[in-house]
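Here is a short report for a reader meeting this structure for the first time. Take a look at the sequence and the model before reading on.

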Amino acid sequence: MTSTNWIKLEIPSDTRNVAFARTAVALFASQLDWTLDELEDIKVAVSEAVSNSVIHGYGLQEGLVKIGASYTGPELRIVIEDFGRGIADIEQAQEVGFTSIPEERMGLGFTFMHEYMDEVLVASQVDTGTTITMIKRVRDLES
Ligand SMILES: Nc1ncnc2c1ncn2[C@@H]1O[C@H](COP(=O)(O)OP(=O)(O)OP(=O)(O)O)[C@@H](O)[C@H]1O
Ligand SMILES: [Mg+2]
């Protein structure tokens with residue numbers, strides 16, 4: 001039998017909570033058998049997604065960010081959800097170096113998420129919000 005374990009977090013949109021979310025999800029994820037590098041990668045991906053909700057979703061204003069993490073067998077799933085301004089062009093947003101704040105940002109958040117996770121799914125609607133789903137699987141060392 002493969003049971004599912006999960007956590008849910010709700011945090012106010014505040015840059016101070018990015019480090020908390022990253023560490024909390026990493027602690028949960030560490031129930032699976034990652035290398036230290038992989039755990040660092042998971043932290044970066046979570047930071048990037050939560051930062052995006054705070055900075056872009058809510059424009060550093062008040063808002064709710066929901067974070068869920070779960071795993072079934074070797075598959076970790078992380079979901080970051082905001083109810084902010086949303087993304088008009090989801091493809092363009094994920095291009096390497098694309099940013100809507102070029103004077104301040106590098107436009108690399110999505111690039112890191114794609115680099116470090118096995119799957120990144122972006123669902124977004126303007127003025128409704130954005131949901132990022134990221135999946136990473138523990139590598140089977142025997143295969
Ligand atoms: N949750 C979100 N809500 C609204 N827009 C978003 C959200 N996440 C990303 N975006 C849009 O997608 C663009 C690209 O995001 P990405 O994280 O790749 O780069 P960035 O945040 O601009 O720069 P960096 O992550 O390097 O600081 C953002 O500039 C923003 O326009
Ligand atoms: Mg970003």
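What follows covers the overall build, the strand pairing, the core and the ligand shell.

**Overall build**

This is a predicted model. The chain holds 4 helices and 5 strands. Read from the N terminus, its elements follow the order β-α-α-β-β-α-α-β-β. The C-alpha atoms fill a box of roughly 45 × 30 × 25 Å along the principal axes.

The radius of gyration is 15 Å. A compact globule of 143 residues would have a value near 15 Å, so the chain agrees with that expectation. Of the 143 residues, 29% count as buried. Among contacts with a separation of 6 or more, 65% join residues 24 or more positions apart.

**Strand pairing**

S5 takes part in two antiparallel pairings, one with S3 and one with S4. The table sets them out.

| Strand pair | Sense | Bridges | Residue opposite S5 |
|---|---|---|---|
| S3 and S5 | antiparallel | 8 bridges | Leu76 opposite Lys136 |
| S4 and S5 | antiparallel | 7 bridges | Val122 opposite Ile132 |

S4 spans residues 119-125. S4 and S5 form a hairpin with 3 residues between the strands. In this hairpin, Asp127 takes a positive phi near 65°.

**The nonpolar core**

The largest nonpolar core has 25 residues. Val25, Ala45, Val46, Val50 and Met113 have the most contacts inside it. Six elements each supply at least two of its residues: helices H1 (16-29), H2 (36-57) and H4 (109-116), and strands S2 (64-72), S3 (75-82) and S5 (129-137). H2 provides the largest share, with 6 residues.

Which residues does Val25 contact, leaving aside its neighbours within four places in sequence? They are Ile42, Val46, Ile67, Ala69 and Ile78. Val46, one of these partners, is also listed among the core residues with the most contacts.

**The shell around ligand 1**

Ligand 1 is surrounded by 22 residues. The closest are Asn52, Thr99, Ser100, Arg105 and Gly109. By class, the shell has 11 polar, 7 nonpolar and 4 charged residues.

Which helices each supply at least two residues of this shell? H2 and H4 do. H2 gives the most, with 5 residues.

How values were computed: Residues are numbered from 1 along each chain as its sequence is written. Chains are lettered from A and ligands numbered from 1 in the order in which they are written. This is a predicted model: local features need pLDDT of at least 70, side-chain atom pairs count only at pLDDT 80 or more; totals for chains, interfaces and linings use all residues. A nonpolar core is a set of buried Ala, Val, Leu, Ile, Met, Phe, Trp, Tyr and Cys residues joined through C-beta atoms within 7 Å. A residue is buried if 20 or more other C-beta atoms lie within 10 Å of its own, exposed if 12 or fewer, and partly exposed in between; C-beta atoms are placed from the backbone. Two residues are in contact if their C-beta atoms, placed from the backbone, lie within 7 Å. A residue is near a molecule or strand if its C-beta atom, placed from the backbone, lies within 6 Å of it. Ala, Val, Leu, Ile, Met, Phe, Trp, Tyr, Cys and Pro count as nonpolar, Asp, Glu, Lys and Arg as charged, and the others, Gly among them, as polar. The radius of gyration is taken over C-alpha atoms; the globule rule is 2.2 Å times the number of residues to the power 0.38. Two strands pair if DSSP finds at least two bridges between them.
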